[in-house]
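The sequence and the coordinates are shown first.

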Protein chains: 4
Amino acid sequence: VAGAVYVGVIGSSVADSDLEALAEGVGRELAEAGAIVVCGGLGGVMAAASRGASEGGGVTIGLLPGTDRAEGNEWLSIALPTGLGELRNGLIVRAADVLIAVGGEWGTLSEIALAVRASKTVVGLGRLPVGPDRADAIVSASDPRDAVEKALAVVAA
Amino acid sequence: VAGAVYVGVIGSSVADSDLEALAEGVGRELAEAGAIVVCGGLGGVMAAASRGASEGGGVTIGLLPGTDRAEGNEWLSIALPTGLGELRNGLIVRAADVLIAVGGEWGTLSEIALAVRASKTVVGLGRLPVGPDRADAIVSASDPRDAVEKALAVVAA
Amino acid sequence: VAGAVYVGVIGSSVADSDLEALAEGVGRELAEAGAIVVCGGLGGVMAAASRGASEGGGVTIGLLPGTDRAEGNEWLSIALPTGLGELRNGLIVRAADVLIAVGGEWGTLSEIALAVRASKTVVGLGRLPVGPDRADAIVSASDPRDAVEKALAVVAA
Amino acid sequence: VAGAVYVGVIGSSVADSDLEALAEGVGRELAEAGAIVVCGGLGGVMAAASRGASEGGGVTIGLLPGTDRAEGNEWLSIALPTGLGELRNGLIVRAADVLIAVGGEWGTLSEIALAVRASKTVVGLGRLPVGPDRADAIVSASDPRDAVEKALAVVAA
């Protein structure tokens with residue numbers, strides 16, 4: 001898809017229904033905007049974003065930690081086993097033009113940190129794992145639509 | 001694409017017109033069979049296979065060695081920068097269910113070797129970089145259609 | 001060195017003299033305890049820890065982000081280019097039995113997060129990049145000797 | 001060890017006594033020349049080279065495919081788990097200034113191919129997995145001393 005924007009959607013593999021609703025909304029809005037979702041391919045926020053993108057007619061790529069494609073969630077368009085374990089977090093950052101974090105724990109924090117190191121913008125929804133001292137590095141969003149608009153605006157700039 | 005087969009298409013980034021014709025045919029046949037092409041995303045055999053898949057209405061994923069999406073060829077559906085250099089060769093092997101080698105030099109040889117190590121079948125077209133002592137490890141094919149049929153038969157088995 | 005403990009020492013490549021003094025002390029104490037230092041091999045905290053280990057007669061391994069051994073600091077015993085960029089942060093975590101963070105910014109934060117994900121203890125000195133909500137995951141230390149004692153105690157347990 | 005040469009020693013994890021004798025000789029000669037051995041850290045040729053280096057008072061670094069340091073052979077000076085599986089083959093190539101192949105099968109072939117791609121010289125002993133068409137890319141050696149002399153000469157040049 002020439003010219004498409006790739007947006008990493010990151011967050012915990014275990015998420016409550018509020019975070020899942022946000023992630024699903026982000027996936028749907030990204031799909032409707034024609035963006036490609038890149039995620040870790042597993043459950044929780046990843047699955048919810050994939051489901052949302054699928055509902056919106058979009059494409060989601062899952063970069064899986066293991067070597068078995070079957071570990072990917074059912075809403076992925078493309079499931080790619082990497083066998084890198086948690087080091088695949090860095091690949092998500094490299095594959096993305098910009099990232100949207102929906103809540104998250106330590107794995108998400110590693111992705112946010114690597115994204116900042118790679119000078120890629122992270123837009124945040126929900127309670128993020130970043131401390132108050134570092135919150136300035138994140139672009140705060142109020143809802144899924146706002147998060148997607150802000151993420152796409154960064155790439156268009 | 002639930003249930004789709006992922007076929008790695010590997011070969012040199014510099015190829016003559018005969019090899020490019022073979023690679024384009026492989027890409028087209030894979031697309032017509034509904035398989036997803038995974039490749040290194042650059043020129044030569046990779047570009048020809050991507051072009052063929054595009055002509056056939058299929059999907060090609062390029063796993064790029066660098067960190068710049070723009071280095072991908074113009075026929076990729078999905079271009080993913082990895083920043084791993086030649087270590088991305090191993091990711092192509094991990095992402096593929098089976099591989100088709102179209103000619104190739106040292107980079108292709110590294111992929112064939114890693115594929116054998118990962119117990120994944122490699123179907124070969126054209127002059128491969130494998131010595132005669134090891135040629136038994138490759139399933140030889142006579143033309144693109146034969147290569148695709150043999151690759152998909154392995155996965156279906 | 002059979003039975004040796006490998007301790008990752010992490011922190012910024014740019015550090016003030018207070019942090020460098022702490023890191024140098026950590027390196028020296030680790031060397032005197034017979035532990036092997038694993039670090040990112042560059043400047044700042046990494047160089048100070050390497051210098052301290054060298055002064056103490058110990059061994060420091062630098063896992064470098066680039067492909068040029070010459071980018072390693074002059075106090076490394078072993079300098080290993082990885083060519084993985086920031087993804088080498090995850091290799092430091094995998095190579096270490098336990099980690100000591102001396103201050104740090106986003107790169108260090110990615111290492112702390114990956115360490116927690118890998119269930120490896122992180123002992124902290126100085127102002128860490130972790131927010132107050134997550135500080136419980138870090139074992140706080142008062143000075144280099146305390147940090148080393150706490151790190152080695154975790155591995156011995 | 002400032003200024004030391006790092007020599008990758010590659011070969012099968014299962015080797016007959018002739019190959020093991022060659023690998024042990026290579027390790028010993030490298031140690032006596034003050035070079036550092038880098039290998040995959042497991043058995044067969046890797047263990048024999050590590051043993052030889054240990055006998056010669058030298059240093060061997062094992063880059064392990066798994067995440068458990070205990071999988072390393074007993075003669076390693078430094079054992080580093082990478083968790084990368086066969087992708088650690090590429091790290092051995094990156095960490096080495098030059099490589100010596102002692103026999104070998106598909107894993108070794110992947111390393112030779114990646115070394116050629118990285119423009120690093122491979123010196124060969126025993127029956128190599130490279131076909132006759134590509135044998136010109138390897139510097140042939142007659143015995144361990146010859147292999148080590150040729151490898152070190154390449155780096156000194």
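## Extent of the interface between chain A and chain C

In the predicted model, 27 residues of chain A are in contact with 27 residues of chain C. The size of an interface is often expressed as the accessible area lost when the parts come together. For chain A and chain C the buried area is about 2300 Å², and carbon and sulfur atoms contribute 64% of that area. On the chain A side, the residues that lose the most area to chain C are Leu87(A), Trp106(A) and Arg134(A); together they account for 36% of what that side buries.

## Polar and charged pairs across the interface

Side chains of opposite charge can pair when their charged atoms come close. Between chain A and chain C, 6 salt bridges are found. Arg134(A) takes part in a salt bridge with Glu105(C), with 2.7 Å between the closest N and O atoms.

## Elements and composition of the chain A side

Two helices of chain A, α3 (88-95) and α4 (106-117), each supply at least two residues of the side that touches chain C. Of the elements involved, α4(A) gives the most, with 9 residues. Sorted by class, this side of chain A comprises 13 nonpolar, 7 polar and 7 charged residues.

The charged end of Arg134(C) is placed over the ring of Trp106(A), at 5.0 Å from the ring centre. Within chain B, Arg51(B) lies over the face of Trp75(B), and the distance to the ring centre is 5.0 Å. As for pairs of aromatic rings, the count over all chains is 0.

## Salt bridges in the structure as a whole

Over all chains, the structure holds 36 salt bridges. One within chain A joins the side chains of Arg28(A) and Glu24(A), with an N to O distance of 3.7 Å. Both residues belong to helix α1 (residues 17-32) of chain A. Arg28(A) and Glu24(A) are 4 residues apart, which corresponds to about one turn of the helix.

Notes. Residues numbered from 1 in each chain as written. Chains lettered and ligands numbered in written order. Predicted model: local features only at pLDDT ≥ 70, side-chain atom pairs only at ≥ 80, totals over all residues. Heavy atoms only, no water. Contact = heavy atoms within 4.5 Å. Buried area = accessible area lost by both parts, 1.4 Å probe. Salt bridge = Lys/Arg side-chain N within 4 Å of Asp/Glu carboxyl O. Nonpolar A, V, L, I, M, F, W, Y, C, P; charged D, E, K, R; others polar. Phe/Tyr/Trp six-rings, centres within 6.5 Å; stacked < 30°, edge-to-face > 60°. Lys NZ or Arg CZ within 6 Å of the ring centre and 35° of its normal.
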